[in-house]
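Reader: Please take me through the disulfide bonding in this structure, with the criteria stated as we go.

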Amino acid sequence: MKYNDLYAAFCLLVLMCSLLPSSDGLRRINLKKRPLDLLSIKAAKQARLEGKYGKGFKNAQLKLGDSNGDIVDLKNYLDAQYYGEITIGSPPQNFTVIFDTGSSNLWVPSSKCYFSLACYFHSKYKASKSSTYTKNGKPCSIHYGSGSISGHFSQDNVGVGDVVVKDQVFIEATKEPSLTFLIAKFDGIIGLGFQEISVGDQVPVWYSMVDQGLVDEPVFSFWLNRDPEAEEGGEIVFGGVDPKHYKGNHSYVPVTQKGYWQFKMGDFLIGNLSTGFCKGGCAAIVDSGTSLLAGPTTVVTQINHAIGAEGVVSMECKEIASQYGDMIWDLLVSGVQPDEVCSQVGLCHSNGAQSVSANIEMVVDKEYKDGTSAHDSALCTACEMAVVWIQNQLQQDGVKEKVLEYVNQLCERLPTPAGESVIDCNSLSDMPNVTFTIGGKAYTLTPDQYILKTGEGVSSICISGFMALDVPAPRGPLWILGDVFMGVYHTVFDSGNLQLGFAEAA
């Protein structure tokens, strides 16, 4: 009897320890990972393209929020890899969600979602089953690049790891018309961005965790396991960092604009050579809801050329190289400022210090309101790209004939808008490293890290981890550093000090 009592006491102690928060004060969410496949990547790129040109990149908006939706509008999550679990309600109802630093709302399907096929394939929140539910009812919607969700706000307790956030406002989605959400492996999204981009200006879950004293520090961190053979997908740590997740020390940079986790990025190098596009600085965001690396077409074209990726031949680009290459070279050599060259050549209409294109945009068939034809606009865009390329080669003491031939080759490597950039898997050893400069520090990715491999054996396919994305001024030019970057560099999101930290992932 004595031994039975001791055994029962021991079991009770073990049970109590398992229910207590971890002794280090950190709140952990284990992440699951699914492998990327070619179909998902192609669908994601196509959806982003349709989101940009179908609805109109500048006109897309987040309803109910007076926020810039230019990044959220391009999100579609078709190529998302990492998922975790949360609960809502009392007793808890389980949901698989993407922890997304590029948005700020929590939403899950509602039991009142009757007319969207997607809702029948995912867990649905049942307000009537929760004793802690509070009705809100205010309608809302979020528009993504590949579709939208709509519904209404509700309030209930949300379980994140081993803590419960009281009275959290979230979205019950009653309509999910997009194919994205039908084939998605997740039920909903939990946004970890700033309240500035929250639809309806609702308080994000992360803010509530801090306000309710559920974490020791206003810091969370991501560790993404890039080992394709590992069962563990990764871990999000709320309230601090786990030293086992990284090597050395973190280097921090300030958040330059609240909304997304945005910071200033410096030069981007291919091998040891500058691409010349971000020497004066580019905006960048770290986005856990994006798998790939998205950057300006001008730079991604140079990457495609360096790694031998297939591209689309631009006739306008070729026309610039053959007919205006000499003139652009001479103007740059004579000291004309790069942003004035294309207007002096007569290909762009000057508008103050900017040309009419305001930024490098991919070629689309449309007519501008001022009557400028799509072809003329494409020539202006191609000229601006050529200026960046030629100016960069000039700084490397390039010879005129070779430089113009290089520009001609780049015209054949412009990223295919709706397709994947397929790479020869056997040529990885010949590809260069690429380097992001952040806070004056170099963050290098090797070909094995920025090339995505799908399939096995003879059916394996290698795809570039870079995609072209041209964000208009004033927010752009912009880089989006997704999971490809975060898997190599452990990332700390410090909302208390408004900074981001990066260290080599363990």
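Predicted model: local features only at pLDDT ≥ 70, side-chain atom pairs only at ≥ 80, totals over all residues.

Author: Residues are numbered from 1 along each chain as its sequence is written, and side-chain values use heavy atoms, with hydrogens and water left out.

Reader: How many disulfides does the structure hold?

Author: A disulfide is taken to be a pair of cysteine sulfur atoms within 2.5 Å. With the bonded cysteines numbered in sequence order, the pairing reads 1-2, 3-4, 5-10, 6-9, 7-8, 11-12. The number of disulfides in the structure is 6.

Reader: What is the handedness of the disulfide between Cys317 and Cys411?

Author: The sulfur atoms of Cys317 and Cys411 are joined at 2.0 Å. Both Cys317 and Cys411 are buried, a term that means under 20% relative accessible area, against over 50% for exposed and partly exposed in between, with a 1.4 Å probe and protein chains only. Because the torsion about their S-S bond is about -70 degrees, the disulfide is left-handed.

Reader: And which handedness does the disulfide of Cys348 and Cys380 have?

Author: Cys348 and Cys380 are joined with an S to S distance of 1.9 Å, and both residues are buried. The torsion about the S-S bond of Cys348 and Cys380 is about 110 degrees, so this disulfide is right-handed.
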